[in-house]
Amino acid sequence: MPKAKGKSRRHKYSYNLNRKRLYRSARRRAAPRIACSHIRHAWDPHKSVAQNLAEMGLAEDPNKALPIPKKLLGLEAESDAQQPGKKIVRKPYVVNEMELEASLPEKKSNTLSRDLIDYVRYMIQNHGENYKEMARDEKNYYQDTPKQIKRKINVYKNFYPEEYKNFIASLKPEKMEVQ
């Protein structure tokens, strides 16, 4: 079996590289990366993660925040009087803003390509519901089977239901005039 290329080559040591500075900068970058902008703006870098989250009214450990009752685990609870004291929330606006953002309706970000839409509309316009004819059409460049074409049309129907209804409605008067 032949050797892998480059394995026997001698590696050069880079004398100009300051490895101490590289190590320090990597350690400095190890601060927590916060994805939510509301938390990022309210974050105090001089406090610990637990302190920051407690001030915002967020839980550091979800198992401690919402413990599973012992009745569900099959064990009898001996004393349920061990309730930790309520923590003071100094930054309640963070949770309020996050709840407001979560309550907004989600936008549909997925769309179909313009080429696929034009392809489907062309096929429906020329062949109606005849998928075998669509498969034999000269514009079927990718040589889709009748089932694949049907699937593409169904995807178009699901993504743009109103546009599909309007398109079908616009085709019916044309077919009546021809007959």
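**Close-up 1. R114 and D118 sit 4 residues apart in helix α7, so about one helical turn separates them.** In this predicted model, their side chains meet in a salt bridge, 3.5 Å from N to O. R114 is partly exposed, with a relative accessible area of 49%. D118 is also partly exposed, at 39%.

**Close-up 2. The second largest pocket has a volume of about 200 Å³.** Helix α7 (residues 114–127) gives the most to its lining, with 5 residues. Among the lining residues are D118, Y119, Y122, K139 and D144. By class, the lining has 5 nonpolar, 1 polar and 5 charged residues.

**Close-up 3. Helix α3 (residues 49–56) has the buried residues N52, L53, E55 and M56.** They cover an arc of only 160° around the axis, so they lie on the same side of α3. These buried residues pack against α2 (37–42) and α6 (92–103). Just after α3, G57 takes a positive phi of about 85°.

**Close-up 4. E55 and R90 form a salt bridge, with the closest N and O atoms 3.7 Å apart.** The pair links distant parts of the chain: E55 lies in helix α3, and R90 in the loop between α5 (70–73) and α6, 35 residues apart. E55 is buried, at 9% relative accessible area. R90 counts as exposed, at 60%.

**Close-up 5. R136 pairs with E133 in a salt bridge, the closest N and O atoms being 3.5 Å apart.** Both residues lie in helix α8 (residues 131–136), 3 residues apart, about one turn of the helix. R136 counts as exposed at 62% relative accessibility. E133 is partly exposed at 34%. Elsewhere, salt bridges that share partners join K47, E55, R90 and K91 into one network. The structure holds 6 salt bridges.

Key. Residues numbered from 1 in each chain as written. Predicted model: local features only at pLDDT ≥ 70, side-chain atom pairs only at ≥ 80, totals over all residues. Heavy atoms only, no water. 1 Å grid on protein atoms, 1.4 Å probe; cavity = no way out; pocket = protein on both sides within 12 Å on 5 of 7 lines; lining within 4 Å. Points joined across faces, edges and corners; volume = space filled by probe spheres on them. Helix = DSSP H or I, 4+ residues; strand = E, 2+ residues; numbered from the N terminus. Nonpolar A, V, L, I, M, F, W, Y, C, P; charged D, E, K, R; others polar. Buried < 20%, exposed > 50% of the residue type's maximum accessible area, 1.4 Å probe, protein only. Arc of directions from axis to C-beta. Contact = heavy atoms within 4.5 Å. Salt bridge = Lys/Arg side-chain N within 4 Å of Asp/Glu carboxyl O.
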